[in-house]
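Hi,

Here is the structure I promised to pass on to you. Have a look at it first, then read my notes below.

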Amino acid sequence: MPDRVRRLLLIRHATTSTTRRAAFPVTTWRMVVGGCAALDGSGAAAAGALQSMLPRADRCWTSHARRATQTPACLGLTPDARVAELAAGDFGRWAGATLD
């Protein structure tokens, strides 16, 4: 039995102009297509504010989406790897669309 307990902490990316519009992400399953949104100012600030509340991370993984790679940077983390399986999904022709 291991003498160390491991903790998995999942953090979703901070806000972008796309999430504020309630639009489907432009990022598709295994690649980034044109228009992948960066964090907006308040999203970057919120992620930075979270830094003091989190325990030290031994490892950090992220998807390939710009918003997902920027969030750990705001937390003072450098991702160990980009993992395609962490992507939101492939929204096909819904990418970037809203329900309006």
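**What sits around H3**

The buried residues of H3 are covered by parts that include helix H2 (41–50), strand E1 (61–62) and E2. Before going on, a word on where this comes from: it is a predicted model, so local features need pLDDT of at least 70 and side-chain atom pairs count only at pLDDT 80 or more, while totals for chains, interfaces and linings use all residues. Residues are numbered from 1 along each chain as its sequence is written, and side-chain values use heavy atoms, with hydrogens and water left out.

Which residues of H3 are buried? They are Arg-67, Ala-68, Thr-69, Thr-71 and Pro-72. Buried here means under 20% relative accessible area, exposed means over 50%, and partly exposed is in between (1.4 Å probe, protein chains only). Helices (H or I, at least four residues) and strands (E, at least two) are DSSP runs, numbered from the N terminus.

Take Thr-69 as an example. Thr-69 belongs to helix H3 (residues 66–74), and its relative accessible area is 16%, so it counts as buried. Setting aside neighbours within four places in sequence, Thr-69 has contacts (heavy atoms within 4.5 Å) with Thr-62, Ser-63, His-64 and Arg-82. A polar atom of the Thr-69 side chain also lies 3.0 Å from the backbone oxygen of Arg-66. After H3 comes Gly-76, which has a positive phi, near 80 degrees.

**The whole protein**

Stepping back, the protein has three helices and two strands, and along the sequence they follow the pattern α-α-β-α-β. The C-alpha trace spans about 50 × 30 × 20 Å along its principal axes. Of the 100 residues, 29% are buried. If you take contacts between residues at least 6 apart in sequence, 64% of them join residues at least 24 apart. The accessible surface (Shrake-Rupley method with a 1.4 Å probe; for residues, only the protein chains shown count as cover) is about 7,000 Å², and 55% of that belongs to carbon and sulfur atoms.

**Salt bridges**

How many salt bridges are there? The count is two, where a salt bridge is a side-chain nitrogen of Lys or Arg within 4 Å of a carboxyl oxygen of Asp or Glu. One of them joins Arg-20 and Asp-40, at 2.6 Å from N to O. Arg-20 is in helix H1 and Asp-40 is in the loop between H1 and H2, so this pair ties together parts that are 20 residues apart in sequence. Arg-20 is exposed, at 52% relative accessibility, whereas Asp-40 is buried, at 18%.

Asp-58 also forms a salt bridge, with Arg-56, and their closest N and O atoms are 2.8 Å apart. Asp-58 is partly exposed, with a relative accessible area of 40%, and Arg-56 is exposed, at 69%.

**Out on the surface**

Leu-8, Leu-10, Trp-61 and Leu-86 make up a nonpolar patch with about 510 Å² of accessible area together. Patches are made of residues with over 30% relative accessible area and no salt bridge; like charges are joined within 9 Å, and nonpolar side chains (Val, Leu, Ile, Met, Phe, Trp, Tyr) within 5 Å. Leu-10 is in the segment before helix H1 (17–20) and is exposed, with a relative accessible area of 71%.

Finally, look for Arg-93 in the segment after strand E2 (81–82). Arg-93 is exposed, at 80% relative accessible area. Its C-alpha atom is 17 Å from that of Thr-19, a residue 74 places away along the chain.

Cheers

Notes: A polar contact is a pair of N or O atoms within 3.5 Å; within protein, one must be able to donate a hydrogen and the other to accept it, and residues adjacent in sequence count only if both atoms are side-chain atoms.
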